[in-house]
Amino acid sequence: MSGIVVLISGRGSNLAALCNNLDLVKHIKGVICNNVDAPGLSIAKKFGIPSHIIQHKQYLTREEFDKHMAQIIDGYNPRYVILAGFMRILSPWFVNRYHMRLVNIHPSLLPSFIGINAIDQAFAAKVKVSGLTIHFVTDKLDHGPIIAQGVVSNKSSTLEELADKIHTLEHVAYPFIVSKLLSNKVNILDDETIVVEKDKDDIQLLGKFYNSLFY
Ligand code: GRF
């Protein structure tokens, strides 16, 4: 097993961030998308990464769709399956198949604001800080062992500014953590406790975001 397969549904800005990382892009074996109109598909094309469109509407059950996806994923024999804005709930069958190999990024500080529109939810709640969570996926929606969290201030922000801040941090944090995963720096102590090893060049890699990412 080596490398990653990335699952997307839409814009693909996190996929772009992974692709723009010179050390990571060579590890992206394939992209799977469930939306034929997803702008993110053009990113895979631009970087010469094979992409597959699997439209969930063509399957009778969630599991049938997931099984077809797994067939494609397994053809690449990836070490990790990376969800980057994949807007589809995955079946327990799928989640169990990739136990501790399935990673998601969610735009809030979990367990607050699960589900869709997490940024809108946080903004409406008038929280002082929000952020992002990178976690292993379990069959409970937007739960699962936390690998890293990034924090942004929501003080005197508009909704758009808050969204911008979170997305900017996502685009630094996700490649950073995926690199840690691929270089064996993410240790699973038990099904709930994840410890990420620090390196001296982390400060340089994260730049001004170093103090915003907790891992
Ligand atoms: C991101 O905010 C991510 O946290 C969430 O979905 C969004 C995907 O955005 N899971 P993009 O498609 O990567 O631009």
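Trainee: Which residues form the nonpolar patch on the surface that has about 250 Å² of accessible area together?

Mentor: Happy to start there: this is a predicted model, where local features need pLDDT of at least 70, side-chain atom pairs count only at pLDDT 80 or more, and totals for chains, interfaces and linings use all residues. Residues are numbered from 1 along each chain as its sequence is written, and side-chain values use heavy atoms, leaving out hydrogens and water. A patch takes residues with over 30% relative accessible area and no salt bridge, joining like charges within 9 Å and nonpolar side chains (Val, Leu, Ile, Met, Phe, Trp, Tyr) within 5 Å; areas come from the Shrake-Rupley method with a 1.4 Å probe, only the protein chains shown counting as cover for residues. The patch is formed by Ile89, Ile114 and Leu141.

Trainee: Is Ile114 buried, partly exposed or exposed?

Mentor: Ile114 is in the loop between strand S5 (102–106) and helix H6 (118–124), with helices (H or I, at least four residues) and strands (E, at least two) being DSSP runs numbered from the N terminus. Buried means under 20% relative accessible area, exposed over 50%, and partly exposed in between (1.4 Å probe, protein chains only). At 34%, Ile114 is therefore partly exposed.

Trainee: How many salt bridges does a search of the whole structure find?

Mentor: The rule asks for a side-chain nitrogen of Lys or Arg within 4 Å of a carboxyl oxygen of Asp or Glu. Searching the whole structure gives a count of 6.

Trainee: How many residues apart in sequence are the parts that Arg97 and Asp74 tie together?

Mentor: The side chains of Arg97 and Asp74 form a salt bridge, 2.6 Å from N to O. Arg97 belongs to helix H5 (residues 92–97) and Asp74 to helix H4 (residues 62–76), so the separation in sequence is 23 residues.

Trainee: Which residue forms a salt bridge with Lys180?

Mentor: The closest N and O atoms are 3.0 Å apart, and the pair links helix H7 (residues 159–182) with helix H8 (residues 202–206), 22 residues apart.

Trainee: What is the geometry of the Tyr59 and Phe65 pair?

Mentor: Rings of Phe, Tyr and Trp (its six-membered ring) pair if their centres lie within 6.5 Å; planes under 30 degrees apart are stacked, over 60 edge-to-face, and the rest tilted. This rule gives 3 aromatic pairs. The Tyr59 and Phe65 centres are 5.7 Å apart with planes at 65 degrees, so the pair is edge-to-face.

Trainee: And what about Phe94 and Tyr98?

Mentor: Phe94 is buried at 0%, and Tyr98 is buried at 1%. Their ring centres are 4.9 Å apart and their planes stand at 55 degrees, so the pair is tilted.

Trainee: Which residue lies over the face of Phe65?

Mentor: A charge sits over a ring if NZ of Lys or CZ of Arg is within 6 Å of the ring centre and within 35 degrees of the ring normal. Lys67 lies over Trp93 in this way, at 5.1 Å from the ring centre. For Phe65, at 5.5 Å from the ring centre, the residue is Arg88.
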